[in-house]
Amino acid sequence: MRNKLLVQLVKVGQNLKHKIKSLFNFRYLPRNKTFNFLLSLSIGLIVTSIGITTDLATTGTPRLTYQTSWIGNSIGKGNLRIQNNIEAMYVASDGTVYTNSHWDEAGTESGIYKDGKIISALGDTHGWGRGGGKAVTANSKYVYIAMSQGSTGNTKEDYPPEGTTWHCVRRYDLSGKPAPFSEGRGWDKSMLIISTKSEFTGLATVGNELYVSDSAQKQIRVYDTETMKGIRSFTVANPGAIAVDQQKNLWIIQNKNGGNPAKILHYSQTGKQLPQQIADIVEPSAIAIDNQGKLLVAENGSRQQILIYDIKDKPVQVGSFGTKGGIYAGVPGEVQDLKLYGITGVGTDASGNFYINSNGFNKSGTDLRKFSPSGKLLWRSLGLIFVDNADADPKTDGVDLFTKQEHYLMDYSKPAGKQWTYNDYTLNAVKYPQDPRLHTSPDGTFVRRIEGKPFLFLTDMYSSFLQIYRFNPATDGKIAIPAGMFVGTNGADKPFLTGNWPPHQPQKGEWIWRDSNGNGKFENNEYDISKDYPHLGGWWVDSKGDVWKALRTQDGTGIRHYPLQGIDAKGNPIYTYSSMEKQTTPSIFNDLRRIEYFPQTDTMYLSGFTVDNPSFGDDTGVVGSEIARFDNWSKGNRTPKWRTVIPYDTTGKREVSTAAMSVAGDYVFAVTVKTAEVYVYNAKTGVQVQQLKPGPEVGGESGWIDIPYGIRAFRRSNGEYLIFVEENWKGKVIMYRLAK
């Protein structure tokens, strides 16, 4: 009722405006009492209307209400949240967990955790050429981490010369503040340079001695924990992580090297190799001593378990922790308390509680868990998102969400940030070692149902490829199985992807791969080859399963349409170059960037830079300057029903630009790069009707939008809209719930 009244007031104001215009005459104005009365009335109505309709759009329709939420991180706001990855971990006797990693977008390369919460972060590990590493240890006074310090051109303070990187031990007090020492290096004198050639791989303390695995030099280096001066060193080939037993001797992972398998070696403090060793291990990734003096070894091979050894004499395996086979046991991919995957850290406290971190494969994200000695899960901290976004399964009305490697179940009746449950990990690194997700960095997710079957499509930060995954619960549980892949053309007449993956890659041009025999491997006879314009704008997969590609060519034929040719006997969608259609680009565009086609209504939405609003510089990742809608697309119409200018750079300074767009139901959504504000446009008219900003639920903040598909929108059956926005800075996906 209130909204109807407000709309009527707006109409009255408009009628008065027309009446005033007809009466407006400067000579007549002072003497016209009717005019003065109407002017006063109209101003009063307008002011009143403005005062009580601040939630109205410029069209007179009510602004849409929304709530902010998030998925993928146990903490949604604040300076402390679960870090992107944990690559090394040390557990103190009181259960304090110290971590390290090479990179965290918000600067939490090294965190301090207690009782399921992150309580602090080691300071100054990010920016100014600095990063973390893959080793950490602590004693009763200090924390020691592996870190790197690159050159910055700063000659006034103690930084490496240009082109040099210091691989250092950095010392901190237990609160996380750098603890300098008399001969320390770096701007704050808290760094001990170990190497300028490569990073080191292990840290441990025994009494007042610090042990460092210098793998490149095949050395264990020993330093005084207080003065940080060198004491001695001894030779160990390919040393990795170190654990110290109750006799104060060292157990050192000897990393595999070529044909030499990994082992665990035993040394005295002075460097004498002791006869005990463990050779029946495939991929040891972390090591620790428990409260009873037993050796814990993280077996990161197919077992995905913690192996427990009695080491009083000859090492004997006396137990294991975790489900054998890890995440791939039982229903493959299904998340359960005792199913581990990609283990990077293990330790126990004085009470025998286990602390284990699973990092997934290819740095999937933090999954830090504490268990009782009997195996009961006591707490869990999750930081699963890094350069990623979510999309909804259209069949389940937004209950099932997928990111590039994770599957979440949603309960929208719960409070913000509590709606999601991490249900499945969809990557099987053991069965499908050629899965593109292990060899590339995808970040944009499309979930589609083709002939009723679920498929996952992924692209990357540069729109350079489109990966395709199928599901077969009978054979692979919850795993997304590699099914196909598109890549663009390399303009240099060389293979599109550098390195040794994928096998049998065509040596030039572009290609479509389809896993025709269903084994998830790239084989010589599975490539379809072509050549095209090398600069891509974007990809799209419509509801029928057709693939669309936008090229930035200015020859007028920048749209490629790959109609679905069916699904083969193995369940893979079929696309071919012989069936590909070249379609004309509307003349308003001179640099096409994004494409979204809806076959049910034969409606095309395109974005890019236009003749009227050209680009300032070549900002390759952005949407462009305009979005336009075209009806009756398949009938050849290239005249827009509407076109709207979106935030874009008009100065060359790139302070304002739009990163991504998504169309769902009655709205077109677009998100800006630096402010991460979501602009909502009426899909029928192109008129802006709302602007969404991160709410208090996420601290009113967001990082930049880094990816071309950093926004995905979905309309539920009840009319509610879910808008997913990449939030790489604090390691989550922001979710806006837009009311009907």
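## Phe 446 and its aromatic surroundings

In this predicted model, Phe 446 is buried, with a relative accessible area of 0%. Phe 446 belongs to one aromatic cluster together with Trp 540, Phe 598, Tyr 605, Trp 642 and Tyr 709. Trp 540, another member of this cluster, is likewise buried, at a relative accessible area of 4%. The ring centres of Phe 446 and Trp 540 are 5.9 Å apart and the ring planes stand at 90 degrees, so the pair is edge-to-face. Because Phe 446 lies in strand E31 and Trp 540 in strand E37 (residues 536-541), this pair ties together parts that are 94 residues apart in sequence.

The charged end of Arg 448 sits over the ring of Trp 540, 4.8 Å from its centre, while Arg 594 lies over the face of Tyr 709, at 5.8 Å from the ring centre.

## Gly 538 in strand E37

Strand E37 also contains Gly 538, a residue that is buried, with a relative accessible area of 0%. By contrast, Gly 538 and Tyr 144, which are 394 residues apart in sequence, have their C-alpha atoms 45 Å apart in space.

## A second aromatic pair

The structure holds 31 aromatic pairs. Among them are Tyr 408 and Tyr 422, whose ring centres are 6.0 Å apart and whose planes stand at 40 degrees, so the pair is tilted. Tyr 408 is found in strand E29 (residues 406-410) and Tyr 422 in strand E30 (residues 420-425), so the pair ties together parts that are 14 residues apart in sequence. Tyr 408 counts as buried at 0% relative accessibility, and Tyr 422 counts as buried at 6%.

Strand E31, which carries Phe 446, takes part in an open sheet of six strands, arranged in the order E31-E32-E33-E34-E35-E36 with antiparallel pairing. Strand E31 (442-450) and strand E36 (527-530) stand at the edges of this sheet, and each has a single partner strand, so one side of each is left without a neighbour in the sheet. From one strand to the next, the twist averages 20 degrees. Within this sheet, strand E34 (residues 480-487) and strand E35 (residues 510-514) run antiparallel and are joined by three bridges, with Met 485 having Trp 513 in E35 as its bridge partner.

Another open sheet is formed by four strands in the order E23-E24-E25-E26, again with antiparallel pairing. Its edge strands are strand E23 (343-348) and strand E26 (377-383), each of which pairs on one side only, and the twist from one strand to the next averages 10 degrees. E23 pairs with strand E24 (residues 354-358) in the antiparallel sense over five bridges, and Ile 343 stands opposite Ser 358 in E24.

Strand E51 (residues 732-738) is mostly covered, seven of its seven residues being buried. In a regular strand the side chains alternate between the two faces of the sheet. Both faces of E51 are covered, with Lys 732, Ile 734, Tyr 736 and Leu 738 buried on one side and Val 733, Met 735 and Arg 737 buried on the other.

Strand E1 (residues 66-71) runs antiparallel to E51 and is joined to it by six bridges, with Ser 69 standing opposite Met 735. Strand E50 (residues 721-727) also pairs with E51 in the antiparallel sense, over seven bridges, and here Val 725 stands opposite Ile 734. The hairpin of E50 and E51 has four residues between the strands, and in this hairpin Gly 731 takes a positive phi near 65 degrees.

## The chain as a whole

The chain contains three helices and 51 strands. Its radius of gyration is 30 Å, close to the 27 Å that the globule rule gives for 740 residues, so the chain is as compact as a globular protein of that length. Taken along the principal axes, the C-alpha atoms fill a box of roughly 105 × 65 × 50 Å.

Of the 740 residues, 58% count as buried. Among contacts between residues at least 6 apart in sequence, 49% join residues at least 24 apart.

Notes:
Residues numbered from 1 in each chain as written. Predicted model: local features only at pLDDT ≥ 70, side-chain atom pairs only at ≥ 80, totals over all residues. Heavy atoms only, no water. Pairing = 2+ DSSP bridges. Helix = DSSP H or I, 4+ residues; strand = E, 2+ residues; numbered from the N terminus. Axes fitted to C-alpha atoms, helices over the stretch in contact; angles between N-to-C directions. Phe/Tyr/Trp six-rings, centres within 6.5 Å; stacked < 30°, edge-to-face > 60°. Buried < 20%, exposed > 50% of the residue type's maximum accessible area, 1.4 Å probe, protein only. Lys NZ or Arg CZ within 6 Å of the ring centre and 35° of its normal. Rg over C-alpha atoms; globule rule 2.2 N^0.38 Å. Contact = heavy atoms within 4.5 Å.
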